[in-house]
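Take a moment to look at the chain before reading on. The paragraphs below walk through it step by step.

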Amino acid sequence: MTAISHINDSPQIQAQSQQDSIQENWVRWFCSLTGNDWYCVIPREFIEKESNLIGLHTQIKGYNKALNEILDLRDYDDASSDVDSQSLKRNTVSLFNLLHARFITTPIGLEMMSLKFLQKAFGVCPRVMCDSQALLPIGQSSQCNKGYVLLYCPKCEDLYIPPSLIHQTIDGAAFGPSFPHLFLFEYPLLVPPISKPRTHNLPALEMLPSTSSCNSIRPDRFPSKIYGFSLHCGMHHHLIRWIEDREMAKKHRIAEYNDAILTLQARKANDPG
């Protein structure tokens, strides 16, 4: 995959030149910029926790200064050249992108992203047969400056370029390549049925042999992986069935308990003693 050397020279970074006159929380300010509505506001407690920062210092130049910028610990009276200032801004956004990719895999982060997903904040699939299925953001790499963010459709399992030019400049490392599949693993009830063409209008397709364990006629579906490990394509549906079976068993036990209580009360009412 071809590296993108100037991925941080985006409108988000250019707009950051206004920060010198802004004294509000950096994270909230950055997420409020035009085109950054796909980001979640990361709580300060998450950023301050050392276990969430492991390994990031090896990926970001000027790590300490970038972290202080995010935590609003920067000394704004400290004079620095324009070159150093621009480099700090790029490093700060890169560090925030890596932190964001980690945060959205936590229970709180997944819940925030689920709200955006249900509101279709990331847009809908342009494929007609997907019936306006909500999309999820996905990165081409977990490393910064390796590719822009794309959109994953859980229904047709294909990737799409964001329609908005400003969203096309977001570094894919802010979401990572595992997020959509991890999200659907945690929320199996949000997994839509796999989209297939209407074969009654396309009789020739019925003669095509199956090319995957999912009996799909499309051999080029985007592979579902979490941290590099492939997922069984029917796993989500098995999870949904398991959850439904648990709910049915729970309702059955509650019904049996209520029947037992009613029987006991009837016996007490009919007992003359």
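**A walk through the chain**

Asn91 counts as buried, because its relative accessibility is 16% and the cut-off for buried is under 20%. This comes from a predicted model. Asn91 sits in helix H5, which covers residues 82-103. What does Asn91 touch, leaving aside residues up to four places away in sequence? The partners are Ile60, Lys61, Gly62 and Ala66.

Now step back to the whole chain. It has eight helices and five strands. Read from the N terminus, the order of elements is α-α-α-α-α-α-β-β-β-α-β-β-α. The chain has 273 residues, and 40% of them count as buried. Now consider contacts between residues at least 6 apart in sequence. Of these, 67% join residues at least 24 apart.

Next comes helix H6, residues 107-118.

Which residues of H6 are buried? They are Gly109, Leu110, Met113, Ser114, Lys116 and Phe117. These residues cover an arc of only 160 degrees around the axis, so they lie on the same side of H6. Turn to the face pointing away from that buried side. There you find the exposed residues Pro107 and Leu118.

H6 has a partner to look at, helix H7, residues 179-186. The axes of the two helices come within 11 Å. They cross at roughly 95 degrees. Angles of 65 to 115 degrees count as roughly perpendicular, so H6 is roughly perpendicular to H7. Which residues make the contact? From H6 come Leu110, Met113, Ser114 and Phe117. From H7 come Phe179, Phe183 and Glu186. Sorted by type, the residues of this contact are five nonpolar, one polar and one charged.

Leu110, Met113, Ser114 and Phe117 are among the buried residues of H6. H7 itself is mostly covered, with six of its eight residues buried. They are Phe179, Pro180, His181, Leu182, Phe183 and Leu184.

Now for some backbone angles. Most residues other than glycine have a negative phi. Look for residues that depart from this pattern. Lys120, which follows H6, has a positive phi near 55 degrees. Asp131 is not a glycine either, and its phi is positive, near 55 degrees. Where is Asp131? It lies in the loop between H6 and strand E1, residues 136-138. Asp131 counts as exposed, because its relative accessibility is 62% and the cut-off for exposed is over 50%.

Asn145 also has a positive phi, about 65 degrees, although it is not a glycine. It belongs to the loop between E1 and E2. Its relative accessible area is 25%, so Asn145 is partly exposed.

The last stop is Asp158. This residue is in the loop between strand E2 (150-152) and strand E3 (159-160). Its relative accessible area is 24%, which means Asp158 is partly exposed. How far apart in space are Asp158 and Cys125, C-alpha to C-alpha? The distance is 9.2 Å, while 33 residues separate Asp158 and Cys125 in sequence.

Terms used:
Residues numbered from 1 in each chain as written. Predicted model: local features only at pLDDT ≥ 70, side-chain atom pairs only at ≥ 80, totals over all residues. Heavy atoms only, no water. Helix = DSSP H or I, 4+ residues; strand = E, 2+ residues; numbered from the N terminus. Expected span 1.5 Å × (residues − 1). Buried < 20%, exposed > 50% of the residue type's maximum accessible area, 1.4 Å probe, protein only. Arc of directions from axis to C-beta. Axes fitted to C-alpha atoms, helices over the stretch in contact; angles between N-to-C directions. Parallel < 35°, antiparallel > 145°, perpendicular 65-115°, else oblique. Contact = heavy atoms within 4.5 Å. Nonpolar A, V, L, I, M, F, W, Y, C, P; charged D, E, K, R; others polar.
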